[in-house]
Amino acid sequence: MNPPFDATVNAPATAAERFPLQFARTRRFSLGVPRQFTVSPDGERVLFLRGTSGTDPVSRLWLYEGGAERLLADPLGPGFADDAPGEAPPEERARRERARETSSGIVSYATDASARLVAFALQGVLWVLRTEGGAPLRVPTAGPVVDPRPSPDGSLIAYVSRGALRTVRADGTDDRPLAGPDGEHVTYGLSDYVAQESIGRSRGYWWSPRGDALLVARVDTAQVHKRYIADPSNPERPPRVVAYPAAGTANAEVSLHLLRVSGERTDVRLPAQAGDGHPEDVWTDRAFEYVVAAGWDGHGPLVTVQTRDQRSVHVLEVDEASGATRTAHRAHDPAWVALRPGTPLRLGSGALVVPARPGGDTQGLDIGGATTPPGLEVREVIGTANGRVFFTAGEEPTEIHVWSYAADDPDEGFVRVSGAPGVHTAAVGGPTVVLDSRTPDGHTVTVLRAGEPTGSVAVLAEEPLVTPRPLALSLGERDLRSRLYLPSWHRPGDGPLPVLLSPYAGHGMQIVLEVRAWWVAVAQWFAEQGFAVLVTDGRGTPGRGEAWEKSVHGDRLTAVLEDQIDALHAAAARYPDLDLTRVAMRGWSFSGYLAAAAVLRHPEVFHAAVAGAAPADRRLYDTHWEERFLGHPDVLPENYRRSSLLDEAAALTRPLMLVHGLADDNVAVAHTLRLSAALLAAGRPHTVLPLSGAGHLVGQEQTASNLLLLERDFLRKSLGL
């Protein structure tokens, strides 16, 4: 049975045909979603960012207080449009690319300790406002502003400008440098590329609780290989230079320094390398090249460092007077030490919250000596409030819940805060929990006080024009969590359906979850085009323990492809309408790489593929991400050959479309160009679709919309629909 496409007679078809434009216009349904919540220590005020609708690309700053929302700052309002000239500084544009920021306007902010003074930058201009009322105030600065952050008492604003860390009083007086660049490739107060893209550390400086000093990262990229990202459609523009440490090459040199507001400077004496207990292997590098986390609390600065080979992580307490360090906790792993966002965290008692293995290979937490129960897979530590530690975790891989533990009352045990099946996170302060919940029914933000709902923050995102109808499956001998999407117009026995695999399946991300997310809507849209769409999270993805996640160590493809094939055959055995003679895969980034590998390695299973932004040559990817799985390419070249696609180009016998954004500085377009060149040299026909001006996240409305249609048409033609 063929899907109905006549919009004049069929309303669902009309909605399905309008979906690609909606998908692009809403920036993957991200617009209108409240985010970046900050809860005041007394729990009375909640700050957040959001636009005014599901199609408004301009983020505003809002305050929730007393059960009502109030707009604090509107970049399109009076005073802003005239006073914010030009565009954001290049460092800010790079930060937004790393964060996959899809909106404009106020995209980040910071507050003082009481959440009464707020600072943010618009096109490099510094603004401050007070939550109790009054208009935003423009603060004059010595240059374009990146990452402004108030001191805890709100008297000073620190910011980065042209690589220097500076402070200015909140009233605009006494702007002065604390540390200026001492070299062409040196910055203070910014994180390096690897820290932002692969480690998850976006910040480069941290205030002391007293507001009299800062812990500051100095980054020197002189030894890092440079990449030049040109715009071929505008050849008169100079290329953008990116310091990109590809696997096996030099990292940025990162050091830490204690800078007093009064002008004194103390260098933090980080250990050079790991000592006893560090696991050895064919390739071992004990040097502490990565600063993976840092902060400053009432007990002093706290820093976490990781070795180049990622097998050792040390948590260091820093003496603020001398800069000396003491190891407070260490972790080792023969593959790599998994980093848990939000850790380490130090309690008021001084006890640490750090990752632990409570039983089996579950990734848990040690909270001052109390360990999370076996089987509870911890994802992230949210923070502390009212003597409780809040974190996210799940007992079932497709669900993530908010949990709490009363460190002052251990007899209470571990308590689950969120209820409905779904993916939940939170922001906390005082007795208030802002519970951010994504479920199969939609997205809600509930304000809890002392555990009871007292209000909500509006989610203004549009509802997808297609209604997702996922079938929850657990497939094969490994109980692979999967979702099958069938056309709404298809009934069992109507006839065979071509199968489209649309996974991510890579490290660090799940998409088989109890949520109604953008990828769920896209999967259903492809189903409405006449496909049975199968989505599977296999080995290497999070949520099922360390052994599951680290099964891709040394080989990024074999186990992952095996799981996709196993899931396909198990689903077809359960649903006979799935046509195994017409099977395709589509994907972006890791899943684009997987799609290309599918038709190269298993043409007997896969008959067509669309591979977007596919990192086909693993040597081209960055140090921290790639060496985690494959080691050093000069020492373990076989791992890179096993996991790269260029040498397999001659095996292509199926239709393959390669898609890549020409401005992508994460997965460089060189990956696709090299694979295409290898295919051409082998005489293998294929399709290449370059996206002018697009980065790793395709943001242009018409490009994103039409790309879905082009993928659909290519797959339909390739499978003979």
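The mean positions of the 71 positive and 88 negative charges of the protein lie 2 Å apart, with Lys and Arg counted as positive, Asp and Glu as negative, and His and the chain ends left out. Each charge is placed at NZ of Lys, CZ of Arg, CG of Asp or CD of Glu. This is a predicted model, in which local features need pLDDT of at least 70 and side-chain atom pairs pLDDT 80 or more, while totals for chains, interfaces and linings use all residues. Residues are numbered from 1 along each chain as its sequence is written, and side-chain values use heavy atoms, without hydrogens and water.

**Overall form**
- The C-alpha trace spans about 75 × 65 × 60 Å along its principal axes.
- Buried residues make up 57% of the 721 residues (buried: under 20% relative accessible area; exposed: over 50%; partly exposed: in between; 1.4 Å probe, protein chains only).

**Salt bridges**
- The whole structure holds 54 salt bridges, each a side-chain nitrogen of Lys or Arg within 4 Å of a carboxyl oxygen of Asp or Glu.
- Glu 627 pairs with Arg 308 in a salt bridge, with the closest N and O atoms 2.8 Å apart.
- Glu 627 lies in helix H9 and Arg 308 in the loop between strands E22 and E23, so the pair ties together parts that are 319 residues apart in sequence; helices (H or I, at least four residues) and strands (E, at least two) are DSSP runs, numbered from the N terminus.
- Both Glu 627 and Arg 308 are buried.
- Arg 674 and Asp 617 meet in a salt bridge at 3.2 Å, N to O.
- Arg 674 is partly exposed at 42% relative accessibility, whereas Asp 617 is buried at 10%.
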